[in-house]
Amino acid sequence: MQPHSADFPARAADALTDPELRRALTKFKTGFPVNRARAVANLPEFEALRDAAKAVKDHTLSHLDHYLEAFEARVRDSGGHVHWARDAAEARSIILRLATERDARLIAKGKSMVSEEIGLNAALEAAGIKAVETDLGEYILQIRGEVPSHIVAPALHLSKEQVAADFRRTHTHLPPDRPLDQPTDLLAEARGELRDVFLNADIGITGANFLVAETGSTIIVTNEGNGDLTQTLPRCHIVLTGIEKVVPTLADATLMLRLLARSATGQEITAYTTFSTGPRRADDADGPREFHVVLLDNGRSALLGTEMQEVLRCIRCGACMNHCPVYHAVGGHAYGWVYPGPIGAALDPALIGVKEARHLPNASTFCGKCESVCPVKIPLPKIMHRWREVEFEKRLSPPSVRQGLWAWGLFAKRPRLYRLITSIAMRVMGLMGKEGSFKSLPLAGGWTDTRDFPAPQGRTFQSMYKDRRHG
């Protein structure tokens, strides 16, 4: 997927004036967060599980080479194959080679954010291979020519009326007067359209929520069952995933599963949780004849041993964006790449470069809600803050920002001068803002373009703090 994160300000501005998106986001922000809170309240050991999960991920990342090699060995022991991809181009090349060697013409795809990351569908299409998304949300987006706007709910920005219109536009072989008023109507129609894909696909491609080093198993969770059909019916199953998904043991994987669904959608567990270990064995009732795992690095290993390493703990639950006020305001497409919200602001600069993603770490109120709900306790505000520092160090910030920070530093390093200037500014602005607010202020257009700026009232915080402390 080609990144457009550099256009975040313009895309965010467009999102704020989109009435359909506004309605969808209003419903969204009262859904998943409420469900998560209820699920957490029903699990007294939830915080202890978060601590344990953090410890497992930290340990694994500190010994990632060992666990990846162990995973590869177990996959081979079970009859599968592991392919290592240093970057997106290499991952695409591996999958295209596997598809070409098997004369594949139709590929069923389960939900995989990594396939979005490497632009897999476009590469397959260019090679004359048809790839069909089988997750309902992803299927809807594919026929619209859009990309996901959320990790867990990729089509949350759409209304059922918009989806019904898309189905009538593309499913022209069906009766035009068929009812499509209810979500169940839409689901049934998509299921009917996808049935032939499952039955006729040459290859199934899925992502993986977790990889288990102990057994060489891959784990995928879905609520629709499409992942199971994608990986069991075609003759060849390819798992495409990032190297950070590995955990040491099955017990560690089940620990993560207890946190994943509760954090994502508020469910105790998703409808389908499938463990795959190698290709079909002689006494298996079904399953693929071939089993391949493509492990993608694409910049992840460069984070190991750095202060950004903690972002690799992410288990892709989407809880951070479910609770983010910025995401609630602009939605996922504004972020311009695969991973939106706070996790995108922390991860995207590492994967697509600080220059391209420099706006994302700045799109945060630093309220800390994202970190408070993260099931593996990723310090997202701290990582975003560090990316802001990198942006400044690389001189990617606009001149006005750099000059403002220079001026701030000048006064902040001289406390007496700082207190004098702020005291004078407070009094002057208090006198000028007689009506209680300003409709415009120099250097504050980002605020006053959309709302008034409150005029200072009374004394400075430091002045009042000093008085209270001494008396």
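A salt bridge here is a side-chain nitrogen of Lys or Arg within 4 Å of a carboxyl oxygen of Asp or Glu. The structure holds 31 of these salt bridges. This is a predicted model, where local features need pLDDT of at least 70, side-chain atom pairs count only at pLDDT 80 or more, and totals for chains, interfaces and linings use all residues. Residues are numbered from 1 along each chain as its sequence is written, and side-chain values use heavy atoms, with hydrogens and water left out.

**Domains**

- The protein chain is split into domain 1 (43–298) and domain 2 (399–469); the bounds come from an automatic or database domain assignment.
- Taken over C-alpha atoms, the centres of domain 1 and domain 2 are 51 Å apart.

**Salt bridges**

- Glu 101 and Arg 97 pair through their side chains at 3.6 Å, N to O.
- Both Glu 101 and Arg 97 sit in helix α6 (residues 88–101), 4 residues apart, about one turn of the helix. Helices (H or I, at least four residues) and strands (E, at least two) are DSSP runs, numbered from the N terminus.
- Glu 101 is exposed at 52% relative accessible area, while Arg 97 is partly exposed at 38%. Buried means under 20% relative accessible area, exposed over 50%, and partly exposed in between (1.4 Å probe, protein chains only).
- Arg 102 and Glu 290 form a salt bridge of 2.7 Å, N to O. Arg 102 lies in the loop between α6 and β2 (106–109) and Glu 290 in strand β10 (residues 290–296), so the pair ties together parts 188 residues apart in sequence.
- Arg 102 counts as buried at 17% relative accessibility; Glu 290 is partly exposed at 22%.
- Arg 386 bridges to Glu 307, with the closest N and O atoms 2.8 Å apart. Arg 386 is in helix α19 (residues 380–393) and Glu 307 is in the loop between β10 and α14 (319–322), so this pair ties together parts 79 residues apart in sequence.
- Arg 386 is buried at 19% relative accessibility, and Glu 307 is partly exposed at 47%.
- Salt bridges with shared partners link Lys 54, Asp 58, Glu 310, Arg 313 and Lys 382 into one network.

**Two buried loop residues**

- Thr 134 is in the loop between β3 (130–133) and α9 (136–144). Thr 134 is buried, with a relative accessible area of 2%.
- The side chain of Thr 134 reaches the backbone oxygen of Lys 109 at 2.7 Å. The C-alpha atoms of these two residues, 25 residues apart along the chain, are separated by 5.8 Å.
- Thr 134 also has a polar contact of 3.2 Å with Thr 230, side chain to side chain. A polar contact is a pair of N or O atoms within 3.5 Å; within protein, one must be able to donate a hydrogen and the other to accept it, and residues adjacent in sequence count only if both atoms are side-chain atoms.
- Asp 202 is in the loop between α11 (183–200) and β4 (203–206). Asp 202 is buried at 15% relative accessible area.
- The side chains of Asp 202 and Arg 235 make a polar contact at 3.3 Å.

**Nonpolar surface patch**

- Leu 417, Leu 420, Ile 421, Ile 424, Val 428 and Met 432 make a nonpolar surface patch of about 520 Å². Patches are made of residues with over 30% relative accessible area and no salt bridge: like charges are joined within 9 Å, nonpolar side chains (Val, Leu, Ile, Met, Phe, Trp, Tyr) within 5 Å. Accessible areas come from the Shrake-Rupley method with a 1.4 Å probe; for residues, only the protein chains shown count as cover.
- Met 432 is in helix α21 (residues 415–432) and is exposed at 59% relative accessible area.
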